[in-house]
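Colleague: Hello! I am new to reading protein models, and I would like to go through one with you, feature by feature. Could you show me how to begin?

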Amino acid sequence: MAANRFQPKDGRLLAVVLLLIVLMLVYLVGIHWWFVAPQLQISSDMGDLREQQLRFRQTTAEKPEIEKRLAQVKAYEQGNQAFLSETDSNAASAALIQRLKQAMGGKDDKRCQNVSTQSFTGGEEELYKRVTVQARLKCDLEPLAAILYDLENGKPYLFVDQVMIYKQQSYTPPGANAVQVPLDVRFNLSGYLRQPGKVK
């Protein structure tokens with residue numbers, strides 16, 4: 001009775017299933033990996049290349065507009081008064097010292113004096129080249145405030161930082177009128193050249 005379980009139609013079905021499995025294995029091993037997969041990869045690469053070509057074509061078409069905008073930016077930068085007009089650090093340092101003298105020009109010499117100014121090199125590298133002058137003044141508070149305001153609110157843009165103010169102590173004998181001693185003021189005066197600083 002066990003032999004009657006397998007009938008010819010079952011054997012045919014099993015043979016067809018086995019044949020399909022063998023054909024799929026032959027296709028995968030013999031055809032797909034050798035012929036179809038490379039063609040699919042080539043087709044994908046061609047699609048990527050077409051997209052790149054389209055992007056390059058669009059960028060090329062925008063070239064005149066980009067050049068026009070670049071020319072506008074360059075023209076604006078050339079006319080930008082935020083930067084020092086000098087081309088090297090030494091000339092810029094001299095211009096900063098001259099600018100400080102101009103800011104002190106209308107002040108009373110008894111109330112505000114320039115003790116020393118000197119160029120300062122060093123400090124952190126920035127996007128644009130920074131030029132710094134160290135200044136020391138003997139100055140009363142009122143003219144000092146006017147000088148600092150004048151320096152920081154003109155053009156080209158100047159920056160005052162590292163301000164140190166010392167009040168000199170003086171002995172006044174009893175009964176004598178107190179003499180006002182000017183403040184000892186030290187600060188850095190900086191501006192930027194239209195030159196790139198260190199590239200990070």
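Modeller: Happy to! Let's begin with a word we will need again and again: a residue is called buried when its relative accessible area is under 20%, exposed when it is over 50%, and partly exposed in between. With that in hand, here is a case: Cys112 and Cys139 are both buried. Please keep in mind that this is a predicted model.

Colleague: What joins Cys112 to Cys139?

Modeller: A disulfide, with an S to S distance of 2.1 Å. The link has an angle of -110° about the S-S bond, and it is left-handed. Cys112 belongs to strand β1 and Cys139 to strand β2, 27 residues apart, so this pair links distant parts of the chain.

Colleague: How many disulfides does a search of the whole structure find?

Modeller: It finds 1 disulfide.

Colleague: Let me step back for a moment. How many helices and strands does the chain have?

Modeller: There are 4 helices and 4 strands. Reading from the N terminus, their order is α-α-α-β-β-α-β-β. The chain has 200 residues, and 20% of them count as buried.

Colleague: Now to charged residues. How should I think about a salt bridge?

Modeller: The general idea is that side chains of opposite charge can pair when their charged atoms come close. In this structure there are 8 salt bridges. One of them is between Arg136 and Asp184, at 2.9 Å from N to O. Arg136 lies in strand β2 (residues 128–139) and Asp184 in strand β4, so the pair ties together parts that are 48 residues apart in sequence.

Colleague: Is Asp184 buried or exposed?

Modeller: Asp184 is buried, because its relative accessible area is 3% and the cut-off is under 20%. Arg136, at 26%, is partly exposed. Asp184 has another partner too: Arg186 forms a salt bridge with Asp184, and their closest N and O atoms are 3.1 Å apart. Arg186 is partly exposed, at 31% relative accessibility.

Colleague: Which residues are linked with Arg111 in a network of salt bridges?

Modeller: Asp140 and Glu142 are linked with Arg111 in that network. For Arg111 and Glu142, the closest N and O atoms are 3.8 Å apart. Arg111 sits in the loop between α3 (89–104) and β1 (112–120), while Glu142 is in helix α4 (residues 141–152), 31 residues apart. Arg111 counts as partly exposed at 33% relative accessibility, and Glu142 counts as exposed at 59%.

Colleague: You mentioned α4. How can I check the length of a helix?

Modeller: Take 1.5 Å times one less than its number of residues, which gives the expected span. For the 12 residues of α4 that should be 16 Å; its end C-alpha atoms are 17 Å apart, which agrees.

Colleague: Which residues of α4 are buried?

Modeller: Pro143, Leu144, Ile147 and Leu151 are the buried ones. They cover an arc of only 105° around the axis, so they are on the same side of α4. On the face turned away from that buried side you will find the exposed residues Leu141, Glu142 and Tyr149. The buried residues of α4 pack against α3, β1, β2, β3 and β4.

Terms used: Residues numbered from 1 in each chain as written. Predicted model: local features only at pLDDT ≥ 70, side-chain atom pairs only at ≥ 80, totals over all residues. Heavy atoms only, no water. Salt bridge = Lys/Arg side-chain N within 4 Å of Asp/Glu carboxyl O. Helix = DSSP H or I, 4+ residues; strand = E, 2+ residues; numbered from the N terminus. Buried < 20%, exposed > 50% of the residue type's maximum accessible area, 1.4 Å probe, protein only. Arc of directions from axis to C-beta. Contact = heavy atoms within 4.5 Å. Disulfide = S-S within 2.5 Å.
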